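Open the model in your viewer and follow the stops below. Each stop tells you what to select and what is there.

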Amino acid sequence: MNEPNPFLDPARQSELYGHASRLAGRTSALMRAKTVGHPVPETIVSLVQTHHARPDRLGVVLDIGCGRGTSSLVIAEQLRPERLVGLDAAPSLLAQARERAKDLADSTVDLVEGDFHDLPLPDGSSDIVVAAFCLYHSPRPQDVVGQIARVLAPGGVAVLVTKGLDSYREMDQLVAAAGLDPRAAQHESLYTAAHSGNLADVAASSLDVIAVLDEEHVFTFDGHDHTAQYLATNPKYDLAPGLYGNPGALAATLHEFLPDQPLTTRSRITFVVAQPKEGGELA
């Protein structure tokens, strides 16, 4: 029997997001490896500017699953809404987002803890709703989209972002070849609930989809030490005790079993742009 998907296992959430440094380390290693693909926050901004009728006069922008605030701060700086609300379920990530937002001038940013299945905003209150790399944390992402539809204002725009099911499969092959987790390639994708192949359908459960953008992102890790910084807190793999959360020990194991060389891996990033259904009906 397959183990529960860690992104859908409530018991794993504290482990995954209880310490902001773990996500920061993994994200930093991934971004340092990136060689192809536009920055996601800037792409979100561009899609809002393209599809919203008044992108220079936005009221409330809601960033669901804001994490450490990376997209929130770019959106606030470039779109200058009257108010940006960043929502996340992890207090440690919100604390870091608040620290990073201190240097943001001339914009009101509120970072709040909450559940994306029950958004703490009034009906029709948001001009823009962003949900980037978070819907796959829900066993029923359609319910989250229903909440997005509820809080979107008439004429509002939602931008949903996810990854392909087979993202980073070259990483699976490396982990298996090194003997770190022989079943690495057999584990369920972390993105099963909301992935590139089903995101438009998930959005269409309560919204009208008006655009879909797919972009391949390519990452080249320069060697085992760099790769280990990403792998050490990746919840997909069943690593031996002492390796999870320990990039130094993980790198040493990779060096022991495989020649050190760069690793190139890929992920399909999908952006879905949607708006409230005509007539305002909710699913």
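How many helices and strands are there in the chain? The chain has ten helices and eight strands. Helices (H or I, at least four residues) and strands (E, at least two) are DSSP runs, numbered from the N terminus.

This is a predicted model: local features need pLDDT of at least 70, side-chain atom pairs count only at pLDDT 80 or more, and totals for chains, interfaces and linings use all residues. Residues are numbered from 1 along each chain as its sequence is written, and side-chain values use heavy atoms, with hydrogens and water left out.

**Whole chain**

Start with everything selected. The C-alpha atoms fill a box of roughly 60 × 40 × 35 Å, taken along the principal axes. Of the 283 residues, 54% count as buried. Buried means under 20% relative accessible area, exposed over 50%, partly exposed in between (1.4 Å probe, protein chains only). Next, contacts, meaning heavy atoms within 4.5 Å. Among those with a separation of 6 or more, 81% join residues 24 or more positions apart.

**The cores**

Select Leu62, Ile64, Ile148, Leu160 and Leu231. In the largest nonpolar core, of 61 residues, these touch the most other members. A nonpolar core is a set of buried Ala, Val, Leu, Ile, Met, Phe, Trp, Tyr and Cys residues joined through side-chain atoms within 4.5 Å. A second, separate core has 29 residues, including Val61, Leu84, Ala97 and Ala211.

Now centre on Leu160. Leaving aside neighbours within four places in sequence, Leu160 is in contact with Ala131, Leu135, Val145, Ile148, Leu199, Ala203, Thr270, Phe271 and Val272.

**Helix 4**

Select residues 70-79. Seven of the ten residues of helix 4 are buried, so this helix is largely enclosed by the rest of the structure. Which ones are buried? They are Ser71, Ser72, Leu73, Val74, Ile75, Ala76 and Leu79. Show the partners they pack against: helix 3 (40-51), strand 2 (60-64), strand 3 (83-88), helix 5 (91-101), strand 4 (108-113) and strand 5 (126-132). Then step to Arg80, which follows helix 4 and has a positive phi, near 50°.

**Helix 6**

Select residues 141-151. Helix 6 is mostly covered, with nine of its eleven residues buried. Pro141, Gly146, Gln147 and Arg150 are among them. What do the buried residues of helix 6 pack against? Look for strand 2, strand 5, strand 6 (152-163), helix 8 (199-204) and strand 7 (207-221).
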